Amino acid sequence: MKYTMNFQDISRRKALGLLGGAVALSAFASPVLADAAAVSGKIKELTGGAGASEGAITLDIPEIAENGNAVKIGFDVDSPMTDSDYVKAVHVMADGNPTPEVASFNFSPANGACTASTRMRLAKTQNVVVLAEMSDGSFKQATGTIKVTIGGCGG
Amino acid sequence: MSKIKPRVKVPKSADAGEIIEIKALISHPMHTGRAKDKEGNVIPRKIINTFRASFNGTPVFSAALEPAVSANPFISFPFKATESGSFEFTWVEDGGAEFTAKNDMTVG
């Protein structure tokens, strides 16, 4: 048979991608994933129905995550972090994981700035929503999309 | 289970008013309760669910972690240096086990 490099390479990459996907999915005990509604429901709960406005938050996330097991999630909330004006808490959520909550961070003026980072598991390509709770009771939010090539949610 | 070991990076000294970055890491599998072992049994959930930081006895930062946080949870956060003292970092595991680390910092 005539060897055609391009065709063979695409086939192998596709097969590896399918295999990787199958391995990732087998790590799930439950195939049901959350969705955007789960995140908006969570935001409603956290804001007492008031919702959040855009702005003040800069996300430090990759556009594409090669490995869904450890995806960087960082943020910076513009705030003077003084006793009268600071960020009380920041909630990180993802709309395509089994459950929407990822982590919550509680800040105080002692931090001097409102920034943090951690690494999270993403089951698949999805949106990450960061919600900041300010000391005056208002909320800010920012959303980013992260493409995931091989999902990671198994232990 | 692999050893659960905390490691925190705090600058040994800082200027008064300087905002430093603290990097906290603990080796932990963060079992989500969704993965299965080779025999097909679900590995029960066991994660570090809380991280707390205090300076000279006063809480300054904390985080609540969910199973979506990656294994060997890493957290970085800022702190405004004002006076010399000691940090105490605590990680709490599902079930209540606590792991701690202490770091000193001189502020001039």
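These legends walk you through a few close-up views of a predicted model.

**View 1. An aromatic pair between B:Phe51 and B:Trp91.** Searching the whole structure, over all chains, turns up 13 aromatic pairs. In the one shown here, the rings of B:Phe51 and B:Trp91 sit 5.2 Å apart, centre to centre, with 55 degrees between their planes, a tilted arrangement. B:Phe51 belongs to strand β4 (residues 48-55) of chain B and B:Trp91 to strand β7 (residues 85-93) of chain B, so this pair ties together parts 40 residues apart in sequence. Both B:Phe51 and B:Trp91 are buried.

**View 2. A tilted pair made by B:Phe55 and B:Phe79.** Because B:Phe55 lies in strand β4 of chain B and B:Phe79 in strand β6 (residues 74-80) of chain B, the pair ties together parts that are 24 residues apart in sequence.

**View 3. A cluster of linked rings with members from chains A and B.** Chain A contributes A:Phe75, A:Phe105 and A:Phe107 to this cluster. From chain B come B:Phe51, B:Phe55, B:Phe61, B:Phe77, B:Phe79, B:Phe87, B:Phe89 and B:Trp91, with ring pairs providing the links.

**View 4. Residues 18-31 of chain A, where pLDDT stays under 50.** For this stretch the model has 15 contacts beyond four places in sequence. For chain A, the average pLDDT is 85, and 77% of the residues score at least 70.

Methods: Residues are numbered from 1 along each chain as its sequence is written. Chains are lettered from A and ligands numbered from 1 in the order in which they are written. This is a predicted model: local features need pLDDT of at least 70, side-chain atom pairs count only at pLDDT 80 or more; totals for chains, interfaces and linings use all residues. Side-chain values use heavy atoms; hydrogens and water are left out. Rings of Phe, Tyr and Trp (its six-membered ring) pair if their centres lie within 6.5 Å; planes under 30 degrees apart count as stacked, over 60 as edge-to-face and the rest as tilted. Helices (H or I, at least four residues) and strands (E, at least two) are DSSP runs, numbered from the N terminus. Buried means under 20% relative accessible area, exposed over 50%, partly exposed in between (1.4 Å probe, protein chains only). pLDDT is the predictor's confidence in each residue, from 0 to 100. Contact means heavy atoms within 4.5 Å.
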